Amino acid sequence: MINGSEENGAAAAGTETRTDRRDFIKASAGLLGAAGIAAALAPEAGGAPQTDDDLQVPKGLGRMGLVDARFPMTYEKSVPAAVNVLTQYFAALGQRDLKAMADMLQFPFGSYEGVDAVIVETPEQLFAHAPASMNMSEDPERFTDHDGYLKPGAYDVFDGIEIFNADPVRVNLSLNYNRYGKDGKKLLRCEGIYCVTNNDGKWGIQLMSTIFTPADMVGVPYDDARQICMRLRQDHCLAFQVNDGDDFFRTRQFGKQASISDGNFALLQNNAINGKPLATFHSKGVKSRLVVTDVNKDALTQHSTNPDFSKSAREMYAKIGRGIKWGYVSGTPHPSRVVHATVDKVHMYAGVTRFTPAGEEINTTMELDVVTYKDGHWGIVGSPLTFAYVTTHDRVNDL
Amino acid sequence: MSHSNEEQLDVKEDHTDSERRAFVKGSAAAGVLGAVGIAAALGRPAEAAPQTAMEDPKPPKGLGPKGIPDLRFPISYESVPEGVRVLTQYFAGLARRDPKAMAEVMHFPFGTYEGTEVVVLETPEDLISHAPPSMNFNENPERFTDHDGYMKPGAYDTFEGIEVLNSDPVRVNLALTYNRFGPDGKKMLRCEGIYCATNNDGKWGIQLMSTIFTPADMIGVAYPDTIEIAKRLRMNHDLAFQVSDKDGVWSRVRQYGKIAGIGGGGGGTPWQVAPDGNDKVMGLYRFKGIKNRLRVSESTPEGLAKIPVDFADTRNRVARAGVGYWGFPIGILPDTRVLHATVDKAHMYSGVTRYNVTGEEISNSVEVSIITYRQGRWGWAGSLAYITNHDRANDVRS
């Protein structure tokens, strides 16, 4: 058993909590104010579009195969629904309408404000103590309860959305916008990543992270931050190649952190091996997909107690048969890239490709990660990764 | 409106608003083209692409008297979910090898850059009977034949992401990437494409696209010359206005041969007509009665040389925005980037920012362009929607 790795997904040396607090939203459906977009798209009034939960195993799924991005069920409904939610969220932000923003969120809701995870338990908490990135105070002061980035007359200009990947209930996206002063001169740029999820039939933003950059600093590259975060993701996987769990622990960040549930590969693969490939894609009854952990600083320097760190990965693939054997893993598959970077935080699209000993792909999983710099230490936040962990390709379906 | 002014990207039109959507309209009404899962998911009745409320956009609150509805106004990005919806449906149709489902979310006439060549499909029947290579399902394709394509038996496509680049009330510029794998699960190629989804007469669909197919072994190869040349072409176009170089505006920039672009809902471009008042500029975002936004023309050295260019008129029009005298336009953005590049084509997100004489921004215009290399010459071959991301005439009112 691998302790705290993506291959078994336990939160290393941390305490994990998941709460289910969507009662307010449910009760308030129709009261929180609908955005114009909702009307244009004619979803049910007062909230994000509803979806069903009648998932069917897709035609063509191989025995013990994972549902990957070849199957339209992974993007056909989820991507438009998520873009609708994120667009409405931004429209509400642009109109400085916290209630309409709350309508597009899942609660408890997580946000990385700078390098710190902030959890907002309820819409009321958002209204009373909005995190800095969502705070509407027009006279903000840093490190206070009215921290923020606004000034009177400022307005926001949409600057694009990107959809990275998706499964039937989770979509990883980014949204950029520029903020201008009332004289039309640029104040700052906000680059954010968002995970939109379907919880119990409602689509909403469960977790986000933003980087605010003053206009004069837009375009500064931060090359060291870019290289370090890629190295962290490579080291995370390298731990398996060199059979040394210590590498794995060093890649993590300490402190309070938030991530999206089901972010471990052993869970997904074992579900498929056990004939339950859709187990993590259900929505009915799922109240929250937010996982909150608190990782001790000491955990980063702990030593693996397992002398054969990759044993469970080898054993897992041996169950599949058909000539598939675990060979090695690469932590930066081709689409990997830094999405946004600053002095102390990076948003990274990265993942892992698992290969046979002969170098043929077995499968690929990709996620969006938040990498932070705290107390002189760079680390990946999450348990152990940050946003939705999505299987983009699985050759078990072909073999 | 003259074709001569700065960054007038609409190409000459030889496809007038044709009435060639009868098949789609009729089929959709009859329910022939299949159900739309997304529509159901979003709470809509199962039908073809959902119809937008049949009312042309009105000037949004806060629009300056000489202003352009830029991307601060929700009407300019509320279109984004529609653009993403039709592109997702298009890809699902492609992945299912279902040309009828693809046709359902396209506008006809439809334009596509196949390699460096513009191909126009007049009707959905054309797609089914003579599909261009990027959309052809023949499993034994042969290059340069009527069954050209990129398929092999058992191949499948994986979704690799969509990017929304910018938008206005009736047009959305997007990029879509997918990988194609063989039946053994090994990657064969990658397709990187750009797409313009438009609202024509209340129906959202894809009007123009361009794709680059790259064999798996070549993915990741950099083409720095292509990238720099693409940026230089865009810069040179605007530089011509700074140095009053008539040939520099189009003759040395525009590609030869058939070219395609996306038009608005009326004559001119936003920065040209906005000083004439809100009604004039909002006319560009009409969709009622607009059957087609595809503009196709033939570009020749002789024709390009004859395009009249009036530099004084351009300077005057820019100054009429009321944000200061025309100072200089710069044909590259701080965030210009080449989205995709290959040996003979680039897809580029770029545009122009107009500055007044003291270096303050007046407005910008941003497009996704197609740059091609043909017969030893690089040229700007066309563009998707030409969109005003930001206009300070909404902030500075003089």
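**Note on the predicted two-chain model**

1. In chain B, strand 10 (residues 337-341) and strand 11 (residues 345-356) run antiparallel and are joined by four bridges; strands pair if DSSP finds at least two bridges between them, and helices (H or I, at least four residues) and strands (E, at least two) are DSSP runs numbered from the N terminus. The two strands form a hairpin with three residues between them, and B:Arg337 has B:Tyr349 of strand 11 of chain B as its bridge partner.

2. This is a predicted model, in which local features need pLDDT of at least 70 and side-chain atom pairs count only at pLDDT 80 or more, while totals for chains, interfaces and linings use all residues. Residues are numbered from 1 along each chain as its sequence is written, and chains are lettered from A and ligands numbered from 1 in the order in which they are written.

3. Chain B has eleven helices and 13 strands, and of its 398 residues 53% are buried (20 or more other C-beta atoms within 10 Å of the residue's own, the C-beta atoms being placed from the backbone). Of the contacts in chain B between residues at least 6 apart in sequence, 67% join residues at least 24 apart, a contact being two residues whose C-beta atoms, placed from the backbone, lie within 7 Å.

4. Helix 3 (residues 80-95) of chain B has 16 residues, which at 1.5 Å a residue should span 22 Å, and this agrees with its end C-alpha atoms, which are 22 Å apart; the expected span is 1.5 Å times one less than the number of residues. Helix 3 of chain B is mostly covered, with 15 of its 16 residues buried, and just after this helix B:Arg97 takes a positive phi of about 55°.

5. The contact between the chains takes 48 residues from chain A and 44 residues from chain B. On the side of chain A that touches chain B, strand 4 (155-167) is one of the elements that supply at least two residues, and strand 4 of chain A gives the most, with ten residues. Strand 4 of chain A also pairs with strand 3 (residues 156-168) of chain B in the antiparallel sense over three bridges, and A:Ile161 stands opposite B:Val164.

6. Chain A is divided into domain 1 (20-217) and domain 2 (220-397), with bounds that come from an automatic or database domain assignment. The centres of these domains of chain A, taken over C-alpha atoms, are 24 Å apart, and their contact takes 46 residues from domain 1 and 46 residues from domain 2.

Note on methods
Buried ≥ 20, exposed ≤ 12 C-beta atoms within 10 Å, placed from the backbone.
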